[in-house]
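Please examine the sequence and the three-dimensional model shown below. The explanation that comes after them begins with the whole chain and then turns to selected elements and residues.

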Amino acid sequence: MTATGGKPKRRLPGWARAMLWAAAALVVLSTTSYLTGVPDLTSSNTSQTALRLALPILLAGLGGLWAERSGVINIGLEGMMILGTWGAAWGAYYGGPWAGLVAAIVLGALGGLLHAIATVTFNVNHIVSGVALNLLGLGVAKYLASLVFRPLSGNPKQSPPVEKFDTYSATFLSDWLGDLEDAQRVGISDAAGIVRGLITGVSPLAMLAILLIPVSYWVLWKTRFGLRLRSCGENPVAAESLGVNVYVHKYVALAVSGGLAGMGGASLVLLPGGADYLENQTNGRGFIGLAAMIFGNWRPGGLLGGAALFGYADGLQLSGGGEAVLALLYGAVILLGVIVVIQLVRRKWVAAALGLAGALVLYYIYWSNDELPSDLIPYSAHFVTIIVLAVASQRLRPPKKIGAKYRRGEGD
């Protein structure tokens, strides 16, 4: 019972809320595609590209989730991803894609353990350690590439061609969805195009990355080990008083965090359609993964939504160019319009006014341009990152002791 004597409100389960958000996104994209005449918004090519580009963001975000749930800020994900890109190319060149994946995980985990030594054992500031790891990862990868790849490719900044993962498709279902997509029926063809892209040309690494979402949720929220690890991020002193070895759990969390970030780097090298190893090819995806984790409120399901959003913005600019990205602004106007109506119903006048102002600005940009300038298009995902974090900042609930120094035997 509540304080007023009524029945407590029942919250929808997480999977139901996710389905509702997915349905809402489909309605907005379908409406936008119809009104703007830009089919790339929901084409199978866009969703297939978005899946490939979302994987490194998803894996980096998962790495950040494991670290920060244990109480350690990990902005060194970018450096661990860079180590993963080199390890993936080196391992794949000599042993195939699976060997490359293992090498990427090992190198990323070593980066995570180095972060653990600095922050957990020596209590170095987490931000300082993370920045140092990013610089160290870039420098180590550059040195190793010059040492190993220069004799093979003649270029110290690039590896020789490496073997990629094979891809698999649900052929019969994909063909049927392709017919529906080509029929150009509003709503039905849009849904068919998106689903078709997600089941066509899928690699084992993509399947493994998606599987890691429920696995991470189960381990962190449904097991004794996960409860103890999360307690280290909420109140390590209380956890210690109950017999939890805080140091061990933080070390394990950071090793897993680095390994997942290394997998994210491997996805840039080993997925079909991606480049072989290139110097600094992560292009800030470690930071975007961290933003996706924050957008998801330090939860695996929310992280998946954030990675999908950023991957979609990145994939859209590759498949549709400036015209498609500009059409997405129109979709944002529609979404803001719905939010404004909801805020007015709730009588939140300031939020409604801000939403209306944002919608007017975006509509003016859409109305005054035929397509976005080509120099701005590659940064679509970065702009989305800033906007989403600004919107999501009001509902965030990070672990209480994230970033706090801890010494065994010492109280608060």
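The paragraphs below proceed from the overall composition to a helix pair, a loop residue and the salt bridges.

The structure is a predicted model. Its protein chain contains 17 helices and 0 strands. Of the 412 residues in the chain, 47% count as buried. The chain exposes about 20,400 Å², of which carbon and sulfur atoms supply 66%. Among contacts in the chain with a separation of 6 or more, residues 24 or more positions apart account for 78%.

Helix α2 packs with helix α12, which spans residues 246-270, at an angle of about 175°, and the two axes are 8 Å apart. Because of that angle, which exceeds the cut-off of 145 degrees, α2 is roughly antiparallel to α12. On the α2 side, the residues that make the contact include Leu55, Leu59, Leu62, Trp66 and Ala67. On the α12 side, they include Leu254, Val256, Leu260, Met263 and Leu268. By class, the contact of α2 with α12 comprises 13 nonpolar and 5 polar residues, with no charged residues.

Val72 lies in the loop between α2 (44-69) and α3 (77-95). Is Val72 buried or exposed? With a relative accessibility of 1%, Val72 counts as buried, because the cut-off for buried residues is under 20% relative accessible area. Leaving aside residues up to four places away in sequence, Val72 touches Ala67, His115, Thr119, Val120, His126, Lys250 and Leu254. Val72 and Gly233 are 161 residues apart in sequence, and their C-alpha atoms are 7.5 Å apart in space.

The charged side chains form the next topic. How many salt bridges does a search of the whole structure find? The search finds 5 salt bridges. In one of them, the side chains of Glu234 and Arg69 meet at 3.8 Å, N to O. Glu234 lies in helix α10 (residues 224-234) and Arg69 in helix α2, so this pair ties together parts that are 165 residues apart in sequence. Arg69 is buried, with a relative accessible area of 8%.

Glu234 also forms a salt bridge with Arg397, and here the closest N and O atoms are 2.8 Å apart. Arg397 lies in the segment after α17 (380-392), while Glu234 lies in helix α10, so the pair ties together parts that are 163 residues apart in sequence. Arg397 is partly exposed, with a relative accessible area of 40%.

Another salt bridge joins Arg285 and Asp314, whose closest N and O atoms are 3.8 Å apart. Arg285 lies in helix α13 (residues 285-295) and Asp314 in helix α14 (residues 300-319), so the pair ties together parts that are 29 residues apart in sequence. Arg285 is buried, with a relative accessible area of 14%. Asp314 is likewise buried, at 9% relative accessible area.

Methods:
Residues are numbered from 1 along each chain as its sequence is written. This is a predicted model: local features need pLDDT of at least 70, side-chain atom pairs count only at pLDDT 80 or more; totals for chains, interfaces and linings use all residues. Side-chain values use heavy atoms; hydrogens and water are left out. Helices (H or I, at least four residues) and strands (E, at least two) are DSSP runs, numbered from the N terminus. Buried means under 20% relative accessible area, exposed over 50%, partly exposed in between (1.4 Å probe, protein chains only). Contact means heavy atoms within 4.5 Å. A salt bridge is a side-chain nitrogen of Lys or Arg within 4 Å of a carboxyl oxygen of Asp or Glu. Accessible areas come from the Shrake-Rupley method with a 1.4 Å probe; for residues, only the protein chains shown count as cover. Axes are lines fitted to C-alpha atoms, for helices over the stretch in contact, and angles run from 0 to 180 degrees between N-to-C directions. Angles under 35 degrees count as roughly parallel, over 145 as roughly antiparallel, 65 to 115 as roughly perpendicular and the rest as oblique. Ala, Val, Leu, Ile, Met, Phe, Trp, Tyr, Cys and Pro count as nonpolar, Asp, Glu, Lys and Arg as charged, and the others, Gly among them, as polar.
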